[in-house]
Amino acid sequence: MRASTDLDMLADFFDRYGVALTGGDLPALTGCYALPGLVVADTYSFSFTSLAAVALSFVGAAPDYQERELIAAHALIEDVAPVSALLTMVAVEWEFLDSRGERVPGEHYRYLLRTTDAGPIICTVVRTG
């Protein structure tokens, strides 16, 4: 097994992640994360060591997306860089679609993914913009 740089596989992973994110599907979201995991932004960082902690970190996201009438999320993969035999850093800009079908620019993140037999999983998320 080698670090995933296959754009189709990565796009499929982020498509499933985006559907789970905008749909508030906590079991699907937690399935996208490795344990322990880390989230880093300019003003905060937190780690999680359980699937329940991952789920809690997303509890507020679904109502925010609903309030903003965001119905879909699409990851625009900007860069893919192998880090080691099983780790890949992926730069993503999230693009959202609202209930009127209009594009809503999103945020930029870098995801450190680990390749597993089941596919990629997120080890670390860094908000970059």
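When I say two residues touch, I mean a contact: heavy atoms within 4.5 Å. Keep that in mind, and keep in mind that this is a predicted model.

Let's start with helix 1. That helix covers residues 7-23. Threonine 22 sits in helix 1. Which residues does threonine 22 touch, leaving out those up to four places away in sequence? The list is Tyr65, Ile71, Ala72, Ala73 and Phe96. Is threonine 22 buried or exposed? Threonine 22 is buried, because its relative accessibility is 13% and the cut-off for buried is under 20%.

Now valine 19, also a helix 1 residue. Valine 19 counts as exposed, because its relative accessibility is 58% and exposed means over 50%. Look across to histidine 74. Valine 19 and histidine 74 are 55 residues apart along the chain. Their C-alpha atoms are separated by 8.5 Å.

Next, the core. In soluble globular proteins, nonpolar side chains tend to be buried together. Here the largest nonpolar core has 26 residues. Which members touch the most other members? They are Phe14, Tyr17, Tyr33, Trp94, Tyr111, Leu113 and Ile122. Several elements give two or more residues to this core, among them helix 1, helix 3 (51-58), strand 5 (103-116) and strand 6 (119-127). Helix 1 provides the largest share, with 6 residues.

Take phenylalanine 14 from that list. Again skipping residues up to four places away in sequence, phenylalanine 14 touches Ala75, Ile77, Val90, Val92, Trp94, Tyr111 and Leu113.

On to the strands. Strand 3 is residues 70-82, and strand 4 is residues 87-98. The two run antiparallel, joined by 11 bridges. They form a hairpin, with 4 residues between them.

Last, the cysteines. A disulfide is a covalent bond between the sulfur atoms of two cysteines. How many disulfides does the model have? The count is 0. Cysteine 32 is in no disulfide, and the nearest cysteine sulfur to it belongs to cysteine 123, 12 Å away.

Terms used:
Residues numbered from 1 in each chain as written. Predicted model: local features only at pLDDT ≥ 70, side-chain atom pairs only at ≥ 80, totals over all residues. Heavy atoms only, no water. Buried < 20%, exposed > 50% of the residue type's maximum accessible area, 1.4 Å probe, protein only. Pairing = 2+ DSSP bridges. Core = buried A, V, L, I, M, F, W, Y, C linked by side-chain atoms within 4.5 Å. Disulfide = S-S within 2.5 Å.
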